Amino acid sequence: MVDQLTRFCLSITDPVLGWLLRLPSAWALTIVALATAVILRGVRWFTTDQDLLHRAAADRRRLKECIREARQRGDRDAVARHKAVAAQVAFRTLGQELKPLLVSLVPVAVLAVWCFSRLEFHPPAAGEPVEVALYTPVPAIGDLAHIVPADGVEADGWVRPVTPDATGTNTPPANGIAAWTVRASGGSHELTFRIGDVTLTREFRAGARTYAEPLHFHDGGYVTQLRMREARFLGIVPGIPQIGFAPWLVAYLLIVCAAFPLIRKVTGIQ
């Protein structure tokens with residue numbers, strides 16, 4: 001189901017956003033993030049009572065001034081009254097926040113799928129070494145796994161023993177692992193793995209503007225992974241692996257959060 005949804009989203013977004021892959025990844029990510037901020041702000045214009053929100057914003061500004069003045073006078077009762085009114089204003093506008101959130105959920109999710117599939121990693125160049133890992137269920141530990149030789153594909157040996165997977169919590173949920181370093185000529189290649197009587201296939205792409213899916217889940221609890229180079233915004237913005245945020249996602253959120261209020265100032269949309 002997830003694969004089908006991903007392919008459906010890409011069938012919509014690739015014709016519209018595919019040209020961005022000709023640009024440096026930082027530019028492409030910036031454009032998508034700015035588009036997200038515009039969508040979020042534009043949806044508010046269509047789905048909210050802008051007159052109400054503008055009046056509420058003016059009330060909040062005035063109440064902040066009143067609270068500051070009351071504090072300077074040492075009038076605690078006035079501070080409490082102004083805060084109570086501010087709470088009422090916030091409650092009055094709370095209902096205006098749900099509709100834009102629901103309406104923007106779908107387009108933002110579609111953009112996020114495209115970024116996950118197109119901007120998270122640097123597409124491998126032709127001949128670039130890429131580590132390929134096969135994760136297996138527990139019973140396969142100790143077996144031999146091999147990649148079937150194919151035209152245009154080279155590896156640092158074709159046969160590997162399956163060893164216990166002890167790489168920590170940031171790996172796919174598998175119990176055994178075998179890994180190779182693979183190089184491929186330009187184009188799309190099919191990697192075939194064999195372990196016992198099990199045969200697994202997945203795509204490996206090199207020398208293209210897009211990369212094959214990093215993780216591919218096979219039947220029987222097997223997972224294959226392409227360990228490609230992560231794309232970092234301007235080469236410096238890191239990820240937050242503790243909460244599963246890849247570098248592209250951190251940069252994306254930072255740009256959206258910075259652009260969202262700026263677009264409000266330019267457009268006047270609350």
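**Notebook: one predicted chain**

I began with G186, and setting aside neighbours within four places in sequence, I found G186 in contact with A126 and A206. I note here that this is a predicted model. I then looked up where G186 sits: in the loop between strand 6 and strand 7. Is G186 buried, partly exposed or exposed? Its relative accessibility is 48%, so I put G186 down as partly exposed; the cut-off for exposed is over 50%.

**Entry on the whole chain**

I counted five helices and ten strands in the protein chain. Next I checked how spread out the chain is. Its radius of gyration is 26 Å, while the globule rule gives 18 Å for 270 residues, so the chain is more spread out than a compact globule. For the outline, I fitted a box along the principal axes, and the C-alpha atoms fill roughly 80 × 40 × 35 Å.

I looked up burial as well: 39% of the 270 residues count as buried. For charges, I noted 29 positive and 24 negative ones, with mean positions 14 Å apart.

In soluble globular proteins, nonpolar side chains tend to be buried together. I looked for such groups here. The largest nonpolar core has 24 residues, and the members that touch the most others are L134, A145, W180, V182, F193 and F204. Which strands supply at least two residues each to this core? I listed strand 1 (130-136), strand 2 (144-147), strand 6 (176-184), strand 7 (187-195) and strand 8 (198-206). Strand 6 gives the most, with four residues. I found another core apart from this one, with 23 residues, including L10, L17, A28 and C115.

**Entry on Q96**

I went to helix 4 (residues 76-118) and picked Q96. At 14% relative accessibility, Q96 counts as buried, because the cut-off for buried is under 20%. What does Q96 touch beyond its neighbours within four places in sequence? I wrote down T47, T48, D49, L52 and L53. I also compared Q96 with Y135: they are 39 residues apart in sequence, and their C-alpha atoms are 47 Å apart in space.

**Entry on the loop between strand 10 and helix 5**

I looked up two residues in this loop, starting with E230. E230 has 39% relative accessibility, so I marked E230 as partly exposed. Not counting residues up to four places away in sequence, E230 touches E120, F121, H122, A246 and P247. The C-alpha atoms of E230 and R44 are 34 Å apart, and the two residues are 186 residues apart in sequence.

The other residue is L234, in the loop between strand 10 (223-227) and helix 5 (247-267). I noted its backbone angle: L234 is not a glycine, yet has a positive phi of about 55°. Its relative accessibility is 59%, so L234 goes down as exposed.

Technical notes:
Residues are numbered from 1 along each chain as its sequence is written. This is a predicted model: local features need pLDDT of at least 70, side-chain atom pairs count only at pLDDT 80 or more; totals for chains, interfaces and linings use all residues. Side-chain values use heavy atoms; hydrogens and water are left out. A nonpolar core is a set of buried Ala, Val, Leu, Ile, Met, Phe, Trp, Tyr and Cys residues joined through side-chain atoms within 4.5 Å. Buried means under 20% relative accessible area, exposed over 50%, partly exposed in between (1.4 Å probe, protein chains only). The radius of gyration is taken over C-alpha atoms; the globule rule is 2.2 Å times the number of residues to the power 0.38. Lys and Arg count as positive and Asp and Glu as negative; His and the chain ends are not counted. The place of a charge is taken as NZ of Lys, CZ of Arg, CG of Asp or CD of Glu. Contact means heavy atoms within 4.5 Å.
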